[in-house]
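The walk below goes one site at a time.

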Amino acid sequence: MAGQGGFASQPTRTPSAQDLVITLHQVNPRRPVMAGEEDTQLNIKKAMDDQIGLTIGSQLDVGENFITAAKRLPTHTIKLHAQNETVAKRLRETDVWVPNGLRLHALTYEVAVLRVPVLRDQGPQDIADNLMQQNDFIIKDQVVYAKWAKRQATKQKYATLKIQLKDESAAKFAVSLGLSLDAEKLLVEPANRIPRQCRKCGKVRHTQRVCRSEAFCFICGGRHEYTDCKEKCNKDLREDSGLRKHPGAPPIFCSGTEKCTHYARKFCSNCPEALREGHTAFDTECPTKKAYLEQIEQQSQLYRAQLLGVSPREGYNGYGRNGGSGSESHSLSPQ
Ligand SMILES: [Zn+2]
Ligand SMILES: [Zn+2]
Ligand SMILES: [Zn+2]
Ligand SMILES: [Zn+2]
């Protein structure tokens, strides 16, 4: 699915290592390629280098080591580091070098269309089709993907629709002019990036739906679901609250989730080994998660500034024209 679960699903201006990163998604996430035991980071790097050498190598300004590093994410998405920006740019422009079973990450521009009437017989893609027909600047096939911003949207009269556009200028037009739909004018805002955290392994940047990692137990640090942990808390909460134990009344057991305060030790799957103990991956105090949320916030601000045509340095607060994003907050809800 285009732009789903991608680390770089929205463009940013940050001139950094990001400019060298090439992202390859699995065409079929259920049958990932280059995901076997023998596919180490080094082997992937070499395979990619060979493939590039055989295809567009002669068009590049360097003769070898087109890729300096390769990394496979838990989702099996592959991140490559190009040797320089020119190589990175060329590799993003053409997919002749991309091995079968993988596809180049497409840069898309996601916008949130506010207060879209929810009709029983129209799905997000139908509405996107209507938007394409009724707004000249969104040419045919411009919409990569359309979905409701929230799952319960279909129960509402109006809801926020998120659409991904292929073209930056179409997204800019939509944001500045709004979109026409059946003689109504709908407000459009740049979509915020949504932080992701996996319920299964606890790591940020992906969700449980696409997770290919082992489970991580915050109670003992082992590779199993915390619900299966031998050390899981099942304290009778009536002892804490000082409630008298009525004979015959059933005990109230602690749920033993990461919110439980009875554990002497807790472990985080986000942080490096040495910093792992003392908190869980879901704690707001986890330094890795904190840094990630700040990064997402910064990327959202840059993206908003980019589509609204303002400089983020000029005191732009990143919260849009009406003081709110209108569609979602940055609270991190595990999925
Ligand atoms: Zn995971
Ligand atoms: Zn455990
Ligand atoms: Zn407990
Ligand atoms: Zn942590």
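Donors here are N, O and S atoms within 2.8 Å of the metal (3.2 Å for Na, K and Ca); water is not among the atoms, so sites may look incomplete. The model is predicted: local features need pLDDT of at least 70, side-chain atom pairs count only at pLDDT 80 or more, and totals for chains, interfaces and linings use all residues. Residues are numbered from 1 along each chain as its sequence is written, chains are lettered from A and ligands numbered from 1 in the order in which they are written, and side-chain values use heavy atoms, with hydrogens and water left out.

Start with the zinc ion (ligand 2). Its protein donors are Cys217 (SG), Cys220 (SG), His224 (NE2) and Cys229 (SG), at 2.1 to 2.3 Å. Along the chain they are spaced C-x2-C-x3-H-x4-C. The four donor atoms make angles of 102 to 115°, and the site is tetrahedral (four donors with all angles between 85 and 135 degrees). The ideal angle for four tetrahedral donors is 109.5 degrees. Cysteine 217 is buried, at 0% relative accessible area (buried is under 20%, exposed over 50%, partly exposed in between; 1.4 Å probe, protein chains only). Cysteine 220 is partly exposed, at 24%.

Now the zinc ion (ligand 3). Cys233 (SG), Cys254 (SG), Cys260 (SG) and His262 (ND1) are its protein donors, lying 2.1 to 2.3 Å away. This site is tetrahedral, with angles of 101 to 119°. The donor spacing reads C-x20-C-x5-C-x1-H. Cysteine 233 and cysteine 254 are both buried.

Notes
Four donors count as tetrahedral if all angles lie between 85 and 135 degrees; four count as square planar and six as octahedral if opposite donors are over 155 degrees apart and all others between 65 and 115; anything else is irregular.
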